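Dear colleague,

Please find the structure below, handed over for your records. My findings follow it.

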Amino acid sequence: MSAPPKTVLTASPQEEAAIREAVRTVDPLTLGEGRVIAGAQHAPGLTRLLEDPAVSGPIYDLPRPITEANVAIWIAECARQQAAGEGVLILSLDPQGEVAGYSKFSVWPDRSSAEIAGATRADLQGRGQGGPGAARSFGWMFEVLGVRLIGLTAALDNVRSAKVIEAAGFVSMGEREVVRPDGTVRRSLYWEMTREAWELRHRL
Ligand SMILES: CC(C)(COP(=O)(O)OP(=O)(O)OC[C@H]1O[C@@H](n2cnc3c(N)ncnc32)[C@H](O)[C@@H]1OP(=O)(O)O)[C@@H](O)C(=O)NCCC(=O)NCCS
C-alpha cells in the first residue's frame, strides 16, 4: 500500500481543500497527449499492459495476481480515491487506442504530499523517454495537483528508475520498507523533492 513521505508537512485547511479539488477535477490532457483517467472500459487493456513482468515486476503497489477482475477492482478503487481527492490513475493510450503506460498518483492532501508509480509498455522502454516523461510528471504534481512534497520509492535493483529520479534532482534518503497489497514487505530505495527545490532547479 502506498505510504506517505518520511518528511511530514502539515497543510492548512485551505491548501488541503485546494489539493483535493485539483485531484477530483484534474484534466488528464494537462499531463500529456493521449492521457485519460482510467475507467472500467480500460480493464482489459490495462491488464494486457500489466501482465508483462517487464512492466509490472518492479512495482510494489499493484493488485496481485494481475487478472482482469483484480485490475477492474483496482480501477474502481482509484476512482473512489479520486472522488475523495486522494489519488488518480491516468493511462496513456497509443494512436491505436491500446494502453501504452500508466501513472498512479497517490496524494495525501493534509500533508501536501504525493507519490507516483508508473510504467511504460515494454516496447516503449529503454528509448530515452523515461527522464523527460518523469520530469513532466513531477512538475505536473507540483504545479497542477499543487503539492509541496513528492516521495518516491524504487526496488533496490531498479537502475533505470534510480537514474531517472536522481537526474531530476531528487534527494536520496536511504531505504524504506514498503508493504505490498498481500502484506509482504519490500525494501526500497527512497527519495524526496520539495516544490521549492524543484522550482529552483527547473525555473531558474
Ligand atoms: C522505469 C521506466 C519508466 C523508465 O523509462 P525508460 O523509457 O525505460 O527509461 P530510459 O530509456 O529513459 O532510461 C532511463 C535511464 O536508465 C538507463 N538505462 C536503460 N536501461 C538500462 C540498463 N539495462 N541498465 C542500466 N541503465 C539503463 C538509460 O541510459 C537512462 O539513463 P540516462 O538518462 O542517464 O542515459 C521504464 O523502464 C519502465 O516502465 N520500467 C518498468 C516499470 C518500472 O520500473 N517503473 C518504475 C517503478 S519506480
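In which loop is S112 found? S112 sits in the loop between strand 3 (99–108) and strand 4, where helices (H or I, at least four residues) and strands (E, at least two) are DSSP runs numbered from the N terminus. S112 is not a glycine, yet has a positive phi of about 50 degrees. P65 belongs to the loop between helix 3 and helix 4 (68–83). For context, most residues other than glycine have a negative phi, and most peptide bonds are trans.

Please note that this is a predicted model, in which local features need pLDDT of at least 70 and side-chain atom pairs count only at pLDDT 80 or more, while totals for chains, interfaces and linings use all residues. Residues are numbered from 1 along each chain as its sequence is written, and side-chain values use heavy atoms, with hydrogens and water left out.

Overall fold

The chain has seven helices and seven strands, arranged along the sequence as α-β-α-α-α-β-β-β-α-β-α-β-β-α. Its C-alpha trace spans about 40 × 35 × 35 Å along the principal axes.

An unreviewed UniProt entry carries the annotation "domain: N-acetyltransferase" for residues 41–171; UniProt positions are given in the numbering used here, feature names are shortened, and annotations may be inferred rather than shown by experiment. Over residues 41–171 the chain is 40% helix and 25% strand, with the end C-alpha atoms 38 Å apart.

Strand pairing

Strand 7 (residues 185–194) pairs in the antiparallel sense with strand 5 (residues 149–155) over seven bridges, two strands being paired if DSSP finds at least two bridges between them. In this pairing, S188 is the bridge partner of A155. Strand 6 (residues 171–179) also pairs with strand 7 in the antiparallel sense, over seven bridges, and here R187 is the bridge partner of E177. Strands 6 and 7 form a hairpin with five residues between them, and G183 in the turn has a positive phi of about 95 degrees.

Ligand surroundings

There are 22 residues around the ligand, of which G118, T120, G126, G128 and N158 come nearest; a residue is near if one of its heavy atoms lies within 4 Å. This shell divides into eight nonpolar, 11 polar and three charged residues, with Ala, Val, Leu, Ile, Met, Phe, Trp, Tyr, Cys and Pro counted as nonpolar, Asp, Glu, Lys and Arg as charged, and the others, Gly among them, as polar. Helix 6 gives the largest share of the shell, five residues.

A polar backbone atom of G118 is 2.8 Å from a nitrogen atom of the ligand, and a backbone N or O atom of G128 lies 2.8 Å from a ligand oxygen atom. From K163, a polar side-chain atom lies 3.4 Å from a nitrogen atom of the ligand.

Yours sincerely

Definitions and conventions
Polar contact = N/O pair within 3.5 Å; in protein donor to acceptor, adjacent residues only side chain to side chain.
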